[in-house]
Amino acid sequence: MKRINNSVIALSLLAGMMYTHAQEKKQLSLDEAVQLGIQNSKSLKIDAAKIEEATADLLEAKNRQLPELKVSGSYMYLPIKPTIDLKIPGVSSAGGPEVHQVAFGSANLSVPLYSGGRIKYGIQSAKYLVEASKLSTENDKIAIAYNVAQAYNNLFKANQSIKVLEENLIASQKRDETFLKLENNGVIARNDRLKANLQTSNIELQLLEAKNNYNIANINMDLLLGLPESTEIEVDQNYIDESDDVKTVDFYLNEARENRKDLQALEQQRKAAELGTKAAKAENLPSIALTGGYVAADVPKFLTLYNAVNVGVGISYNLSNLWKENSSLKQSKAREMQLSATNELLNDNIKLDVNKEYQNTDYSKKRIAVFEKSAEQANENYRITKNKYDNGLATMTELLDADAAQIAANVGVINAKADASLAYRKLLQTTGTLTIK
């Protein structure tokens with residue numbers, strides 16, 4: 001059974017090595033990975049389309065202040081002779097010409113002079129909404145930057161775990177060879193040698209699990225960055241040393257108030273809603289426009305009309321506003337109330353998020369010191385236990401337990417440093433200051 005297990009493990013390791021060899025390797029720093037993630041983000045492509053839509057709405061609002069020029073023309077054939085009765089004094093229509101066709105053309109120009117502010121408010125509101133769309137995109141970029149950092153962190157931890165386990169596996173295999181010789185020479189019991197072999201098998205299984213986690217994390221990174229799934233990403237070993245000293249929580253709260261893009265986008269939406277309310281009130285006011293036109297007509301053998309130019313002022317007012325309630329105004333005021341409540345909720349959530357991530361960052365940094373102390377103790381404990389075992393003062397079980405504790409402690413230090421770096425980036429994300437280089 002032992003031989004079968006070893007064969008299965010060996011084949012699995014060989015398959016993993018062949019898979020890794022077949023992959024294309026690409027070394028990426030975290031900043032480079034973030035740039036790729038942003039460039040290939042599908043959600044940002046959706047955001048870009050939303051900005052285009054908001055820009056088109058702004059163009060439509062601006063078009064409303066431009067003159068309207070309409071040209072029309074028509075030609076009509078009259079198969080039946082029409083009855084013509086001229087009412088001009090002294091002119092008789094009897095025996096007049098037969099009319100069988102009529103051509104008519106006109107051009108009308110309208111220049112808005114006053115609309116109660118509806119056009120002006122519409123343009124300003126559209127500008128605010130374009131800016132809100134852009135700010136929402138910037139907020140999404142920061143979220144993507146953190147998501148990439150999280151995936152990068154998982155890949156880093158898996159890669160470091162593999163290195164630690166590979167080093168310990170080599171040491172454990174050498175120990176197995178030594179114990180086998182000692183057993184053959186009658187120095188140790190066979191049971192002790194088998195305990196050491198079992199420890200080696202456990203390390204091999206941990207290594208297999210670590211490599212499996214690494215492959216999954218690597219595929220996740222490839223998908224996030226828009227790379228082929230066969231690309232093996234080599235992470236920067238200095239990643240865990242990038243975090244800065246943590247300042248006071250009040251500093252990060254102020255940073256969030258000044259830099260959160262979603263908060264700024266909401267403010268632009270509130271400004272647009274206020275202008276929407278003003279525009280809705282303006283619906284109760286009349287519209288005034290400068291008008292002009294040109295008319296030409298031709299009725300063969302009867303009438304020719306041209307140079308009929310007209311200029312005037314037009315006033316439009318919807319009298320039904322006198323008895324109809326302004327539903328647009330009520331909707332706009334409700335929108336303002338909704339955005340105001342949303343703003344209060346978002347500010348509360350920001351306070352909660354910043355405080356939470358500040359505590360997590362502080363906790364993560366303190367964990368590093370604890371794990372480093374634990375690793376020092378575990379390494380020293382293994383050294384002492386190994387020395388005692390060599391002198392017959394400790395059992396094989398104690399030696400293997402000390403070795404397992406040493407592996408766990410060393411892996412724990414690496415994971416704690418990586419988690420602290422990620423926690424700091426999460427804190428920066430909640431303040432809206434996560435750097436995108």
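Helix 8 gives the largest share of the lining of the largest cavity, 3 residues. The model described here is a predicted one.

**The cavity**

The structure holds 1 cavity of 30 Å³ or more. The volume of the largest cavity is about 30 Å³, and its lining is made up of Leu253, Arg257, Asn347, Ile350 and Lys351. Two elements, helix 6 (249-259) and helix 8, each give two or more residues to this lining. By residue class, the lining of the largest cavity has 2 nonpolar, 1 polar and 2 charged residues.

**The largest pocket**

The largest pocket has a volume of about 580 Å³. Its lining has 28 residues, and those nearest the centre of the pocket are Arg64, Arg118, Tyr121, Gly122 and Ala279. Both helices and strands give two or more residues to this lining: strand 3 (101-114), helix 4 (118-184), helix 7 (261-281), strand 5 (287-299), strand 6 (303-316) and helix 8 (327-390). Helix 7 supplies the largest share of the lining of the largest pocket, 7 residues. Of the lining residues of the largest pocket, 15 are nonpolar, 9 are polar and 4 are charged.

Four strands make an open sheet in the order 2-3-5-6, and their pairing is antiparallel. Which strands stand at the edges of this sheet? They are strand 2 (68-77) and strand 6; each has a single partner strand, so one side of each has no neighbour in the sheet. On average, neighbouring strands of the sheet are turned by 15 degrees against each other, with direction ignored. Strand 2 and strand 3 run antiparallel and are joined by 10 bridges. One of the positions in this pairing is Val71, whose bridge partner in strand 3 is Ala107.

A parallel pairing is found between strand 1 (residues 24-28) and strand 4, over 5 bridges. Here Gln27 has Glu234 in strand 4 as its bridge partner.

**Aromatic pairs**

The count of aromatic pairs comes to 3. Two of them are set out in the table.

| Pair | Distance between ring centres | Angle between planes | Arrangement |
|---|---|---|---|
| Phe179 and Tyr389 | 5.9 Å | 50 degrees | tilted |
| Tyr252 and Tyr358 | 6.1 Å | 50 degrees | tilted |

The rings of Phe179 and Tyr389 have their planes at 50 degrees, so the pair counts as tilted. This pair links distant parts of the chain, with Phe179 in helix 4 and Tyr389 in helix 8, 210 residues apart. Phe179 and Tyr389 are buried.

The planes of the Tyr252 and Tyr358 rings are at 50 degrees, so this pair is tilted. It also links distant parts of the chain: Tyr252 lies in helix 6 and Tyr358 in helix 8, 106 residues apart. Tyr252 and Tyr358 are both buried. Together with Phe251, the residues Tyr252 and Tyr358 form one aromatic cluster.

**Helix 8 across the sections**

Conventions. Residues numbered from 1 in each chain as written. Predicted model: local features only at pLDDT ≥ 70, side-chain atom pairs only at ≥ 80, totals over all residues. Heavy atoms only, no water. Pairing = 2+ DSSP bridges. 1 Å grid on protein atoms, 1.4 Å probe; cavity = no way out; pocket = protein on both sides within 12 Å on 5 of 7 lines; lining within 4 Å. Points joined across faces, edges and corners; volume = space filled by probe spheres on them. Nonpolar A, V, L, I, M, F, W, Y, C, P; charged D, E, K, R; others polar. Axes fitted to C-alpha atoms, helices over the stretch in contact; angles between N-to-C directions. Phe/Tyr/Trp six-rings, centres within 6.5 Å; stacked < 30°, edge-to-face > 60°. Buried < 20%, exposed > 50% of the residue type's maximum accessible area, 1.4 Å probe, protein only.
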